[in-house]
Amino acid sequence: TIETSLPFTAHLCDPPSRSVESSSQELLDFFRTMALMRRMEIAADSLYKAKLIRGFCHLYDGQEAVAIGMEAAITKKDAIITAYRDHCIFLGRGGSLHEVFSELMGRQAGCSKGKGGSMHFYKKESSFYGGHGIVGAQVPLGCGIAFAQKYNKEEAVTFALYGDGAANQGQLFEALNISALWDLPAILVCENNHYGMGTAEWRAAKSPSYYKRGDYVPGLKVDGMDAFAVKQACKFAKQHALEKGPIILEMDTYRYHGHSMSDPGSTYRTRDEISGVRQERDPIERIKKLVLSHDLATEKELKDMEKEIRKEVDDAIAKAKDCPMPEPSELFTNVYVKGFGTESFGPDRKEVKASLP
Amino acid sequence: SSGSDLPPHQEIGMPSLSPTMTEGNIARWLKKEGDKVAPGEVLCEVETDKATVEMECMEEGYLAKIVKAEGSKEIQVGEVIAITVEDEEDIGKFKDYTPSSTADAAPTKAEPTPAPPKEEKVKQPSSPPEPKASKPSTPPTGDRVFASPLARKLAEDNNVPLSDIEGTGPEGRIVKADIDEYLASSGKGATAKPSKSTDSKAPALDYVDIPHSQIRKVTASRLAFSKQTIPHYYLTVDTCVDKLMALRSQLNSFKEASGGKRISVNDLVVKAAALALRKVPQCNSSWTDDYIRQFKNVNINVAVQTENGLYVPVVKDADRKGLSTIGEEVRLLAQKAKENSLKPEDYEGGTFTVSNLGGPFGIKQFCAVVNPPQAAILAVGSAEKRVVPGNGPDQFNFASYMPVTLSCDHRVVDGAIGAEWLKAFKGYIENPKSMLL
């Protein structure tokens with residue numbers, strides 16, 4: 001049993017208990033997976049700076065506790081849908097490093113066949129409905145998934161993740177309204193990392209209490225740097241959503257990187273702030289301390305584990321580099337639903353063209 | 001080169017910090033060899049094609065070797081700039097390290113395995129293999145044939161292979177006229193090669209790139225800042241310098257008698273400008289967002305061109321100094337500027353600037369750029385003898401006139417105030433003895 005470090009703050013509901021059940025295996029798993037996520041994102045940063053990843057790329061380092069804690073509380077039947085900061089959620093849902101790096105570098109073996117890139121990771125077989133490029137648009141989609149779950153009596157819930165920037169969008173409130181009317185098992189998770197694209201939270205949001213934004217919908221503010229607090233909150237929210245309908249979770253977290261690769265991330269906040277969070281609130285360090293204080297592993301063993309992870313990531317990158325790019329004809333597939341007799345072609349109708357079966 | 005005998009290390013490549021960056025310069029290293037580094041700490045500052053960006057460290061460890069020293073220029077993206085190691089003891093082993101010549105962009109490769117760079121550079125999906133022999137000078141970009149949409153359509157309709165046609169449009173693009181010409185020529189007979197073998201490559205220009213010196217950078221940025229933010233306007237007036245010249249030769253004869261240095265016209269101009277600023281202090285001011293600061297000191301900068309660049313040393317309290325002192329100081333400062341030995345106190349704190357291209361260069365008249373944060377600058381042209389109509393018919397006199405132009409910051413100095421100042425200045429120049437009052 002582990003005590004969460006900060007109490008939950010609740011809106012229109014009773015907060016769950018601060019003591020969380022865990023096991024030594026779970027602690028070690030948390031450490032390993034989070035370290036893997038961190039290493040993966042740092043490798044992606046290097047690949048981007050070496051121009052092997054092109055286009056958009058949004059990194060998750062700092063926010064790992066949200067992905068891992070949420071995953072620990074739910075099953076693969078429960079759906080997750082998120083925005084473009086999606087690499088680690090995909091990994092948490094059971095995606096492989098090889099799929100991640102192949103997709104990032106636009107290779108055939110990627111989870112979206114190398115055609116989606118950083119923002120468009122999917123894993124339907126474990127109910128991960130994707131990274132979405134359009135800010136906030138994943139939330140109405142998530143509520144739709146929740147509708148399907150309720151309609152099919154699946155006894156599962158949908159977690160729709162969005163950032164503090166997207167929280168100010170109108171479509172969230174529209175989707176929330178209909179979810180509340182129909183008591184859909186939708187859980188809106190605001191990953192509040194305190195900065196939108198180049199802008200601090202306080203410049204963009206009149207009320208930064210995102211858990212209260214639902215007004216008539218209950219909410220819970222969670223320490224998003226504490227994997228166990230996230231786990232407890234998600235367990236609570238799932239129960240709530242199945243019984244009473246939608247709920248909002250605000251995860252107070254932090255991103256170490258800039259918003260995307262074109263944002264150095266140091267113009268609207270101080271480096272001292274970032275290094276302060278790294279030292280005091282880092283989600284991996286927190287788990288590491290727990291592991292060490294419960295004598296589940298020695299410092300040396302954890303270091304070795306990190307080395308092993310580094311090798312794993314490097315191998316996955318090397319493997320992904322060997323993988324070919326998609327065929328040119330792939331340009332025209334997965335655009336329309338099959339069987340409607342449509343035809344796709346490029347500017348030169350003779351050279352590249354594909355008729356859909 | 002990186003032999004396999006080296007301990008595990010990370011090669012840090014030049015990062016691509018902007019979407020269009022292909023090479024970068026290292027402006028400054030913030031870490032030294034041997035320093036401990038932690039994730040999120042700034043390793044160095046990199047000048048990209050757009051800005052100077054701080055490069056963060058991603059790994060925990062030690063900076064073992066700086067491969068590209070501070071000030072290195074035009075480093076290709078991916079080229080190794082530094083080595084980090086995890087264990088402190090390994091730092092020493094990289095003393096004589098030189099990066100393996102793999103220019104392939106794959107930094108942070110943990111293992112120094114000299115595996116052949118397997119990764120294929122992003123291969124453009126190639127269009128169907130056309131015989132390339134027949135296109136002598138298609139622009140360099142790979143297999144893609146550039147053509148306007150209209151030309152493509154026309155070519156498609158007439159079954160013309162685009163790869164046989166040489167484009168004459170922008171950057172070798174195939175345009176409708178090329179297709180028309182091809183159709184016409186192939187219609188007339190055989191495969192008459194397009195007659196004009198337009199060499200798409202212009203004769204190479206002969207040039208030399210001069211790197212920016214520090215002073216050039218400062219001059220460029222301050223003048224650009226001035227012209228872009230200060231609303232300039234210009235006032236020109238002719239000043240009769242006959243009396244001034246007479247006074248000067250008188251004074252110089254005294255000076256020669258006593259063995260002193262001669263007084264120049266510019267010294268007199270500085271003195272007159274200083275006194276005019278006393279009279280019209282509005283011109284002796286600086287604009288700030290909240291207020292206009294009017295200075296009680298009159299410190300006049302004098303523009304001096306040297307081999308190294310443009311310097312503007314300052315003569316402090318010029319209104320209270322005698323001509324010999326001003327002359328002596330200007331000479332000394334100019335000397336220091338030429339020797340590149342000006343100290344900050346020699347050029348800081350000016351409230352007004354005088355630039356003289358008339359005396360030394362014979363420039364008739366010109367408009368100077370205000371030297372921020374000052375509000376005005378005086379541009380002095382060359383004195384010139386003119387014929388002046390006299391009182392009666394067929395009467396005329398000779399007189400020397402020196403045109404001066406005052407450039408003002410309109411936020412601080414309104415037109416009439418600038419004119420007021422010029423009137424005062426002209427008064428002192430035309431009646432130089434009034435400077436004694």
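B:Arg262 has a relative accessibility of 45%, so this residue counts as partly exposed, a class that lies between buried (under 20% relative accessible area) and exposed (over 50%), as found with a 1.4 Å probe on protein chains only. Its side chain meets that of B:Glu256 in a salt bridge of 2.7 Å from N to O, where a salt bridge is a side-chain nitrogen of Lys or Arg within 4 Å of a carboxyl oxygen of Asp or Glu. B:Glu256, at 48% relative accessibility, is likewise partly exposed.

The structure is a predicted model, in which local features need a pLDDT of at least 70 and side-chain atom pairs count only at pLDDT 80 or more, while totals for chains, interfaces and linings use all residues. Residues are numbered from 1 along each chain as its sequence is written, chains are lettered from A and ligands numbered from 1 in the order in which they are written, and side-chain values use heavy atoms, with hydrogens and water left out.

Another salt bridge in chain B joins the side chains of B:Asp319 and B:Arg278 at 2.5 Å, N to O. This pair links distant parts of the chain, 41 residues apart, with B:Asp319 in the loop between β15 (314–315) and α6 (323–338) and B:Arg278 in helix α5 (residues 265–279); helices (H or I, at least four residues) and strands (E, at least two) are DSSP runs numbered from the N terminus. B:Asp319 is buried, with a relative accessible area of 8%, whereas B:Arg278 is partly exposed at 41%. A salt bridge of 2.9 Å, N to O, also connects B:Asp409 with B:Arg411, of which B:Asp409 is buried at 1% and B:Arg411 is partly exposed at 30%. In chain A, salt bridges that share partners join A:Asp223, A:Asp226, A:Asp252, A:Arg281 and A:Arg286 into one network, and the count over all chains comes to 41 salt bridges.

Chain A also contains helix α4 (residues 97–104), which is largely enclosed by the rest of the structure because 7 of its 8 residues are buried. Among these buried residues are A:Leu97, A:Val100 and A:Phe101, and the buried residues of the helix pack against α1 (24–49), α3 (87–92) and α11 (299–322) of chain A. Just after the helix, A:Gly106 takes a positive phi of about 70 degrees.

As for confidence, chain B averages a pLDDT of 82, with 85% of the residues scoring at least 70, where pLDDT is the predictor's confidence in each residue, from 0 to 100. Over residues 101–141 of chain B, however, the pLDDT is below 50.

Key
Contact means heavy atoms within 4.5 Å.
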